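Here is a short briefing for a first look at a protein model. Start with the sequence and the structure, then read the points below.

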Amino acid sequence: MLAGNGSLVAEFLLAGLTDRPELQLPLFYLFLLIYIVTVVGNFGLITLIGLNPHLHTPMYYFLFNLSFIDLCYSSVFSPKMLMNFVSEKNAISYMGCMTQLFFFLFFVISEGYMLTSMAYDRYLAICNPLLYKVNMSPQVCSMLSFASFGMALVGASAHTGCMLRLTFCNVNIINHYFCDILPLLQLSCTSTYINEVVVLIVVGINITIPSFTILISYVFILTNILNIKSTQGTSKVFSTCSSHIMAISLFFGSGAFMYLNHSESMDQGKVSSVFYTNVVPMLNPLIYSLRNKDVKVALKKVTIKAYSRLIP
């Protein structure tokens, strides 16, 4: 039966995180908790920023977008992952797999560029504060967001388009808990040379541009910090950047560990990818809320306002 674009496979079977039956239910509850915290945290941050006018600044505009991406990103594979823990047959249709692959790549690439935009925002705020409002006008913020999503659309379309041209024959078991590029390429019964070239080019671009921009931004920020003689001023700059540095380290560090550590087996790779795909979207809102004074003040105001309405 032809599934689409010449593929002989109508559906794939996801091997899942583990094949040990005694771990399925505990893992279901663990990842359900992670997903609930992710949804509540990111949706809460989106709502908080939307309801508080004093948070309508470039920094929180990008944080709003980052939370939206994390919310969508985790929802691409978490519901299916949870279903697979409690179902006997972990099947996903051919088109469902390609759709999951596309949106996974779209949101993961857009998150990288959104973090890059946030680094550029911090550079302008710290190194050129007098012209900050001019340089980071609403039009510039919108342009950076659209550029992030545009690059993600191009990258995801390139990967998915090349994947659709491959033929999958008899073997249809994906040794992963979601549809990712490398496990799918291993199942192809036709040449994957073009796909490998596209992976090299697209991944190279989407790693080089964000990494270089973030590095240059923080080199200038560090230079500026070294020129600040006031201890209070230095600590203020560090507190402003610390949340963003932690988010960048989590995202790019876990991603690099998952894709660049070739010495580990596929099973070990699945375990390490959990941090990249499930834990990072959960931690981002916690990092920005617990370490951010403005967010904590806004949350306190909203809580008091809601409490006063409930109890007149």
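What follows covers the nonpolar core and the salt bridges.

This is a predicted model. Its largest nonpolar core has 81 residues. The salt bridges number three.

**Nonpolar core**
- Phe12, Phe31, Met163 and Leu184 have the most contacts inside the largest core.
- Helix H3, residues 94–127, gives the most to this core, with 18 residues.

- Glu11 and Lys89 join through their side chains in a salt bridge, at 2.9 Å from N to O.
- Glu11 lies in strand E1 (residues 11–14), while Lys89 sits in the loop between helix H2 (58–86) and strand E2 (91–93). The two residues are 78 residues apart.
- Glu11 is partly exposed, at 29% relative accessibility. Lys89 has 53%, so Lys89 counts as exposed.

**The salt bridge of Glu22 and Arg20**
- Glu22 pairs with Arg20 in a salt bridge, and their closest N and O atoms are 2.9 Å apart.
- Glu22 is partly exposed, with a relative accessible area of 48%. Arg20 is partly exposed too, at 44%.

**The salt bridge of Arg122 and Asp121**
- Arg122 forms a salt bridge with Asp121, with the closest N and O atoms 2.8 Å apart.
- Arg122 has a relative accessible area of 8%, so Arg122 is buried. Asp121 is also buried, at 1% relative accessibility.

How values were computed:
Residues numbered from 1 in each chain as written. Predicted model: local features only at pLDDT ≥ 70, side-chain atom pairs only at ≥ 80, totals over all residues. Heavy atoms only, no water. Core = buried A, V, L, I, M, F, W, Y, C linked by side-chain atoms within 4.5 Å. Buried < 20%, exposed > 50% of the residue type's maximum accessible area, 1.4 Å probe, protein only. Helix = DSSP H or I, 4+ residues; strand = E, 2+ residues; numbered from the N terminus. Salt bridge = Lys/Arg side-chain N within 4 Å of Asp/Glu carboxyl O.
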